[in-house]
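Biologist: Walk me through this model, please. I want each term held against its cut-off.

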Amino acid sequence: MNEGFSNRARRIFRSPFPWAFLAGAILLVLIRPLLRFEPAPPPPLWTLPRFTLTDQDGRPFGSDELRGRVYVASFFFARCASICPALMQAMSRLQERYAAAGMSEVRLVSISVDPAADTPEVLREHGSRYGQDRSRWTLLTGDAEAVAKLLREGFRVPVGEREDLGGGLFDIAHSAKLALVDGEGRVRGFYDATEPGLDEIFHRTRHVLRERGG
């Protein structure tokens, strides 16, 4: 039996096919990084106008502070009980994901659509509720007209008027999308605040960073 096994083993090792298979497998492992397809960055849609609002610490903050930074923008208001909690949780997850990936240059910006009520003090409390890291994530308020103009004419997203729902409740219609903006202030796309949407915006952010050598 041992002699028969030895004869079969010699025939196998003399055959070129096992060696060709082994060489092919090794070559595939070596060249796999070269075969990896990286999608192109999303094209610029339009450029945001220059803007200055007020951050959660009461300081001016806007396009000058964001110049050269890739960032994700969202729209919310602190007393919103419908879509805003999910939007803030989505931004919190992105904050964690960018940090875990070492993407320290990426910023997050959440702009209140109820600036009269969302004072810097309210924003500070609201941000802490969602684990805001102020070195990465900034909450913004400001003049109501300036905010509305930035959203409607800059980001080109809808924002409604304050609507009384009765019983002390109210709503303000606004976009539930997350906007990706490059370092030149150009909008690169809008994404859902769902898990698939967060995956897409995360990878799109990497593509934009790679485009600029980040």
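Biologist: What is the strand order of the open sheet?

Modeller: The model is predicted, so local features need pLDDT of at least 70, side-chain atom pairs count only at pLDDT 80 or more, and totals for chains, interfaces and linings use all residues. Residues are numbered from 1 along each chain as its sequence is written, and side-chain values use heavy atoms, with hydrogens and water left out. The 8 strands run S1-S10-S9-S4-S5-S6-S2-S3, with mixed pairing. Strands (E, at least two residues) and helices (H or I, at least four) are DSSP runs, numbered from the N terminus.

Biologist: What makes S1 (46-47) and S3 (60-62) edge strands?

Modeller: Each pairs on one side only. Two strands pair if DSSP finds at least two bridges between them.

Biologist: How many bridges join S4 (residues 71-76) to S5?

Modeller: There are 6, and the two strands run parallel. The cut-off is at least two, so S4 and S5 count as paired. Serine 74 has serine 110 of S5 as its bridge partner.

Biologist: Where does aspartate 118 lie?

Modeller: In the loop between S5 (107-112) and helix H5 (120-129). Aspartate 118 is buried, meaning under 20% relative accessible area (1.4 Å probe, protein chains only).

Biologist: Why does aspartate 118 have no salt bridge?

Modeller: A salt bridge needs a side-chain nitrogen of Lys or Arg within 4 Å of a carboxyl oxygen of Asp or Glu.

Biologist: What makes the aspartate 118 and serine 112 pair a polar contact?

Modeller: Their side chains are joined at 2.5 Å. The limit for N or O atoms is within 3.5 Å, where one must be able to donate a hydrogen and the other to accept it, and residues adjacent in sequence count only if both atoms are side-chain atoms.

Methods. Buried means under 20% relative accessible area, exposed over 50%, partly exposed in between (1.4 Å probe, protein chains only). Lys and Arg count as positive and Asp and Glu as negative; His and the chain ends are not counted.
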